[in-house]
Amino acid sequence: QKTIHLADYQPFTHLVERVELTFRLAPGATRVLAQLHLAPNPARPGRHPLRLDGEGLRLVACAVAGQAVAPALDDSGLTIAPEDLPEGPFLLETEVEIAPEANTALEGLYMSKGMYCTQCEAEGFRKITYYLDRPDVMSRFRVRIESDLPVLLSNGNPTANGQGWAEWDDPWPKPAYLFALVAGDLRAHSADFTTASGRKVALNIWVRPGDEDRCAYAMDSLIRSMRWDEEVYGREYDLDVFNIVAVDDFNMGAMENKGLNIFNSRYVLASPETATDDDYARIEAIIAHEYFHNWTGNRITCRDWFQLCLKEGLTVFRDHQFSGDMRSAAVRRIEEVVALRARQFREDAGPLAHPVRPESFVEINNFYTATVYEKGSEVIAMLKTLVGDQGYKRALDLYFDRHDGDAATIEDWLNVFEDATGRDLSQFKLWYSQAGTPRLQVAEDWQDGVYTLTFTQSTPPTPGQPEKAPRVIPINVGLLNPNGDEVVPTIMLEMTQERQSFRFQGLAARPVPSILRGFSAPVVLEREAPPEERAFLLAHDTDPFNKWEAGRALAKDVMAAMVLQDAPPSPAWLDAVAAVAFDGGLDPAFRALCLRLPAEDDMAQTIHAMGRIPDPARIHSARRAMAGALAIRLGEGLVQLCRDLDDGAEFSPSAEQAGRRALRLAALALLARRDGGKLAAEAFAGARSMTEEIGALAALLDVGQGAAELQVFADRWGGDANVMDKWFALQLALAEPGEAAELTERLTARADFDWKNPNRFRSVVGALAANHAGFHHLSGRGYRVVADWLLKLDPLNPQTAARVSTAFETWPRYDAARRKLAQAELERILAAPDLSGDLREMAGRMLA
Ligand code: DPP
Ligand code: ZN
């Protein structure tokens with residue numbers, strides 16, 4: 001396996017001026033004819049051989065300037081010697097044969113339930129034809145598809161079609177990873193959109209027959225995304241058509257191919273009966289994300305894969321902004337941070353930690369990570385906080401102006417901020433090169449009316465980076481009077497040193513600080529505070545994120561004391577939660593978030609950061625006990641809450657209604673601990689939406705009930721794979737620690753456990769891995785079952801196997817017995833014959 005280094009970047013020897021592709025589709029033997037109009041790249045003077053990437057292709061013919069040539073072939077491509085190449089521009093023609101029906105890796109051209117589709121990011125195009133498969137090689141593509149299937153799609157605009165063929169022309173130069181082709185018996189849900197400058201765009205969402213009536217929400221999200229990008233970023237769509245295709249077998253969430261986005265069907269299809277409120281929110285966010293890539297990713301792409309965060313961090317940031325504008329910004333921010341801590345902080349604290357812009361990799365597919373995406377987005381959020389809204393707007397305008405049509409780098413990105421704002425960002429750039437989550441300690445001082453906050457930053461060592469330099473950290477702070485009034489509204493403190501003090505004068509009394517408002521930097525705030533202060537902020541903070549955060553910190557303090565000191569659930573915490581739960585003046589969605597207890601894995605991460613060894617079984621019991629105590633403390637009020645929130649209104653996926661449902665279901669889950677699930681069973685029977693159906697079922701399973709309801713659910717939804725994925729995942733999420741592995745074995749033995757489908761694999765094997773106490777059960781069975789399935793999937797679909805393997809990344813935090821068991825499984829994986837490069841890299845890094 002070869003390691004690729006950022007420092008080794010060189011422009012390619014040749015340029016591609018134009019590409020013409022013809023596809024003669026057949027499941028077992030598709031022919032791909034390629035005409036590449038090539039020219040030597042002036043940036044690489046001298047005569048060079050032509051090296052093209054290609055994997056799993058059968059070369060049928062190859063000609064240069066009309067003359068047949070015999071290139072040197074190997075496993076990863078072909079080489080044509082300089083003496084076989086003309087000196088100036090020339091035409092290279094190749095014909096290859098591939099077998100889409102045999103493609104189980106779901107990269108390149110493959111088949112899903114009778115339809116052809118492609119996935120080329122990052123390096124899938126080389127499985128379709130010989131090409132210069134790297135993002136800085138951009139070209140215009142014309143495509144002809146020949147097939148008897150009724151719908152034939154590719155990038156760009158349709159130019160001509162007839163019986164059994166269609167032609168497409170994409171006027172925008174693009175790298176091969178944005179190429180797409182779809183052929184199938186599909187139906188469209190259509191609409192149109194007129195851009196700000198009056199261009200009329202045909203919008204289609206293509207699905208299998210029967211699914212047309214589940215596309216309305218995705219279409220609505222698309223139209224709102226298109227409008228929003230015009231209004232907020234001044235970016236218009238640039239083709240006559242925008243197509244989205246839903247496919248059931250897909251490794252990722254979705255893919256932003258130019259003019260032809262391809263989506264995992266679970267992020268397109270929605271109806272009230274089949275999609276939860278969370279599904280609706282995700283569909284909205286992912287539709288927006290892929291659409292926004294049209295400018296941040298496609299019009300401006302990445303020079304090389306090390307720059308992946310250039311498009312992903314920015315596009316995640318943009319989809320966060322969009323969701324915040326469409327829904328409650330405060331609630332969205334809290335959910336973003338919950339996800340960031342659960343996935344990115346976890347990654348940053350373990351053996352897979354890497355910088356937002358990595359400097360080397362073996363398999364690029366392994367770097368589509370929470371760090372590149374989510375931390376990449378947080379870095380941009382900080383940049384915006386530092387330069388202000390106006391500075392950000394000027395920088396982005398300059399970015400689009402200066403780099404439209406480019407394959408750009410993080411240096412280009414930071415330069416536009418420096419040029420637009422006059423700021424020196426050399427220290428800020430450390431956020432792109434240093435891995436690890438900074439810890440921020442706070443000391444306070446109050447003397448003679450002067451209040452001083454002193455911060456100290458440090459970042460633990462990460463693989464290959466023992467020492468870290470201090471970073472720029474924007475710390476948003478507000479101060480409250482002891483009576484609850486805000487005396488200093490949010491201001492940004494810009495920390496640049498390892499240790500730094502900030503003074504506040506003219507205060508009448510010692511204030512209570514609200515630090516890191518809005519989660520203004522992706523750091524761990526290490527500040528011990530008495531429970532009274534946390535409860536005070538939960539009651540009075542004007543910053544909604546920090547208000548929630550105070551309750552979260554209090555809950556974590558309580559859980560840690562229960563786990564480490566056998567303490568009972570603290571009455572102060574119970575009272576504080578009760579006050580929020582029943583405060584009708586607060587947004588129901590916010591109240592629901594405050595009722596959610598910290599996840600077990602998150603708690604293990606926190607206990608580990610305290611220098612202690614987390615015990616998954618104890619954490620699990622403590623969390624249960626907290627829920628039980630809360631159910632008792634909230635008492636009959638919960639029944640009233642459920643009643644008040646059930647207003648019988650007609651279903652709408654609005655954030656407002658979703659918030660009411662979330663609070664009602666949170667109350668229902670607590671009530672189940674008091675009444676054995678009586679009300680939850682009624683709610684299940686009377687459910688009018690998937691949110692209620694799955695929420696009530698979860699409440700039942702959580703108290704050991706629900707067997708009959710599980711059966712009802714399976715009978716009702718057995719024909720709907722996306723809904724059944726929920727059925728599989730929910731049981732595993734709520735399985736008792738000692739039973740999770742065995743349940744997995746039972747579920748994987750079912751005929752409908754279609755393990756080659758990535759969604760189903762993740763819903764079962766991924767769900768076991770996400771059951772913290774079950775996966776880390778001391779029997780070692782959780783580790784073993786997951787490892788067995790990774791080894792089984794790897795030969796067919798290395799990308800998904802490698803992704804799910806990150807379940808093991810936390811092994812170093814546990815006790816010696818668990819570490820030994822987990823290590824043994826990773827070693828067993830590494831020793832497997834014919835292991836994929838993807839999984840080998842992951843297992844190797846986790847053991848290093
Ligand atoms: N399709 C993936 C995404 O949009 C990779 N680009 O993030
Ligand atoms: Zn993306």
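The C-alpha centres of domain 1 and domain 2 lie 30 Å apart. Please keep in mind that this is a predicted model, in which local features need pLDDT of at least 70 and side-chain atom pairs count only at pLDDT 80 or more, while totals for chains, interfaces and linings use all residues. Residues are numbered from 1 along each chain as its sequence is written, and chains are lettered from A and ligands numbered from 1 in the order in which they are written.

**Domains**

- The protein is divided into domain 1 (1–185), domain 2 (301–433), domain 3 (439–527), domain 4 (534–634), domain 5 (636–706) and domain 6 (718–848); these bounds come from an automatic or database domain assignment.
- Where domain 1 meets domain 2, 15 residues of domain 1 are in contact with 14 residues of domain 2 (contact: C-beta atoms, placed from the backbone, lie within 7 Å).
- The side of domain 1 that touches domain 2 has eight nonpolar, three polar and four charged residues (Ala, Val, Leu, Ile, Met, Phe, Trp, Tyr, Cys and Pro count as nonpolar, Asp, Glu, Lys and Arg as charged, and the others, Gly among them, as polar).

- Strands β25 (residues 439–447) and β26 (residues 450–458) pair in the antiparallel sense over nine bridges (strands are DSSP runs of E, at least two residues, and helices are runs of H or I, at least four, numbered from the N terminus; two strands pair if DSSP finds at least two bridges between them).
- V442 has F455 in β26 as its bridge partner.
- Two residues sit between the strands of this hairpin, and D448 takes a positive phi near 50 degrees.
- β25 also runs parallel to β31 (residues 524–526), joined by three bridges, with Q441 opposite E526.

**A three-stranded sheet**

- An open sheet has the order β4-β8-β7, with antiparallel pairing.
- Its edge strands, β4 (50–53) and β7 (72–74), each pair on one side only.
- Four bridges join β4 to β8 (residues 77–80), and L50 is partnered with I80.

**Two packed helices**

- The axes of α20 (residues 740–748) and α23 (residues 781–793) come within 8 Å and cross at roughly 30 degrees (axes are lines fitted to C-alpha atoms over the stretch in contact, and angles run from 0 to 180 degrees between N-to-C directions).
- That angle makes α20 roughly parallel to α23, because angles under 35 degrees count as roughly parallel, over 145 as roughly antiparallel, 65 to 115 as roughly perpendicular and the rest as oblique.
- A740, A741, T744 and E745 in α20 meet R781, G782 and V785 in α23.
- By class, this contact of α20 with α23 has three nonpolar, two polar and two charged residues.

Technical notes: Two residues are in contact if their C-beta atoms, placed from the backbone, lie within 7 Å.
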